[in-house]
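These are my notebook entries on one model, written while I looked things up in it. I kept them in the order in which I did the look-ups.

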Amino acid sequence: MLFLFFFLLCSLPHVAFSSHCTVETATKTFQKCMNLPTQQASIAWTFHPHNTTLELVFFGSFISPSGWVGWGINPTSPEMTGTRTLIAFPDPNSGQIVLLPYILDPTVKLQKSPLLSRPLDIHLLSSNAAMYGGKLATVHNGATIQIYGTMKLQTNKTKIHLVWNRGLYVQGYSPTIHPTTSTDLSSIATFDVLSGSAAPQHTDLTMLRVIHGTLNAISWGLLLPIGAITARYLRHIQALGPAWFYAHAGVQLFGFVLGTVGFGIGIRLGQLSPGVEYRLHRKLGIAVFCLGALQTLALLFRPNTRNKFRKYWKSYHHFVGYSCVVLGFVNVFQGFEVMGASRSYAKLTYCLGLSTLIGLCIALEVNSWVVFCRKSKEDKMRREGFIATSHKGTSSAIHN
């Protein structure tokens, strides 16, 4: 558990900050600057109180040669939906950087329709974008860009909700959805143009996510399969007696307790991250937890071996148990995707552990079939009388 926890902690993408923000660009000098909490982005600005005009430049970086970078302001709330944004990307025809305005309405989040450029309904006075390095600069992974915007704010309103992000592709002039890691979904901050303070809307929950992922990977992804293996392959060893059952029940119960704690932490993470949704991961987690609870409750209603309902209980127990194990595997890998650790040492470590379990299952399954076939052959020979003499001889020798 500590080994997997260590790799999860070391491999997860932590919140990155630019070392120093800057107030100077090639064309302008601003009054203040600030590092933003995600994507190594920063901003610089000048606010003119006499006419409530804000001049702002956003420093961001591309994550692919055909990607996009954008920032915007949400007039009402700190969330993506409703943001009035400026998005820069290479023109599909000329390759030059273009900057277009977009309004992120609810249909964009649901991906029901492509994102189309349209005029903003805020007082945007001017805007432009420039690559770091001038006109000769090319767009590549990691290339930096500066997006300028001058706008007029409402009187006596100095706090704005800042939203920024970046994506991999642009289809025509329609930017596609950005990555949905926790870092990308946390690119929101409330920013005060007078004081220069910005409070991220999503606190750093990295350690809580690590604990959540570690507990669930160990419980649903390792302990429950080990419990299932114990029941399937050790119950037929007569020398163990009822020990296999206690081992099976103990491992499963311990795994369910750990999984319950991990599930509870996941619920808490959802409460601490408003606007951040992992629908598939959440649905799979709820399904796995419910199946695990049903499997645990089944112990209370376990009929004895001579009860006529015993066969129905066994069918239910096997179906629910194996379903829980399979969905647990799927959701663990889904969790790695959510945490942005799809190519991490943590995932490699888990895959090695899972591969060991699969190899053990294959070996035990082959051994079970060999023992079964050998026993079937001996029973057949015994029925046909081929080994009756030797048994009798052995019996006589024993008696003698």
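**Salt bridges.** I searched the whole structure for salt bridges, taking a side-chain nitrogen of Lys or Arg within 4 Å of a carboxyl oxygen of Asp or Glu as the criterion, and the search gave five. The model is a predicted one, in which local features need pLDDT of at least 70 and side-chain atom pairs count only at pLDDT 80 or more, while totals for chains, interfaces and linings use all residues. Residues are numbered from 1 along each chain as its sequence is written, and side-chain values use heavy atoms, with hydrogens and water left out.

I noted one of the bridges between Glu 55 and Lys 28, with N to O at 2.0 Å. Glu 55 belongs to strand β3 (residues 53-61) and Lys 28 to the loop between α1 (2-11) and β1 (32-35), so this pair ties together parts that lie 27 residues apart in sequence. I then checked accessibility, calling a residue buried under 20% relative accessible area, exposed over 50% and partly exposed in between, with a 1.4 Å probe and protein chains only. Glu 55 is buried at 15%, whereas Lys 28 is partly exposed at 32%.

I next looked at Asp 121 and Arg 84, which form a salt bridge whose closest N and O atoms are 2.7 Å apart. Because Asp 121 sits in the loop between α2 (106-109) and β7 (124-131) and Arg 84 in strand β5, the pair ties together parts 37 residues apart in sequence. Here Asp 121 counts as exposed, at 52%, and Arg 84 is buried, at 18%.

For Lys 347 and Glu 337 I found the closest N and O atoms of the salt bridge to be 3.9 Å apart. Lys 347 is in helix α7 (residues 345-383) and Glu 337 in helix α6, the two being 10 residues apart. Lys 347 counts as buried at 17%, and Glu 337 is partly exposed at 42%.

**Strand β8.** Is this strand enclosed or open to the outside? I found that seven of the nine residues of β8 (residues 144-152) are buried, so the strand is largely enclosed by the rest of the structure. I counted two strands as paired if DSSP finds at least two bridges between them. Strands β3 and β8 run antiparallel and are joined by nine bridges, and β7 pairs with β8, also in the antiparallel sense, over seven bridges. Ile 145 in β8 is the bridge partner of Gly 60, and Met 131 stands opposite Ile 145 as well.

**Record positions.** I looked up the unreviewed UniProt entry, which lists His 212, His 248, His 281 and His 317 under "binding site"; UniProt positions are in the numbering used here, feature names are shortened, and annotations may be inferred rather than shown by experiment. I followed up two of them, taking contact to mean heavy atoms within 4.5 Å. His 212 lies in helix α3 (residues 206-234) and is buried, with a relative accessible area of 14%. Leaving aside neighbours within four places in sequence, His 212 has contacts that include Gly 262, Leu 269 and His 281.

**Cys 324.** I also checked Cys 324, which lies in helix α6 (residues 310-338) and is buried, with a relative accessible area of 3%. Beyond neighbours within four places in sequence, Cys 324 is in contact with Trp 220, Leu 224, Val 288, Leu 291 and Gly 292.

**Confidence.** I finished with pLDDT, the predictor's confidence in each residue from 0 to 100. The chain has a mean of 83, and 86% of its residues reach 70 or more. Confidence is lowest in helix α8 (residues 388-399), at a mean of 43, and highest in strand β5 (residues 84-90), at 94. Residues 389-400 have pLDDT below 50, and this stretch has one contact in the model beyond near neighbours in sequence.

Key:
Helices (H or I, at least four residues) and strands (E, at least two) are DSSP runs, numbered from the N terminus.
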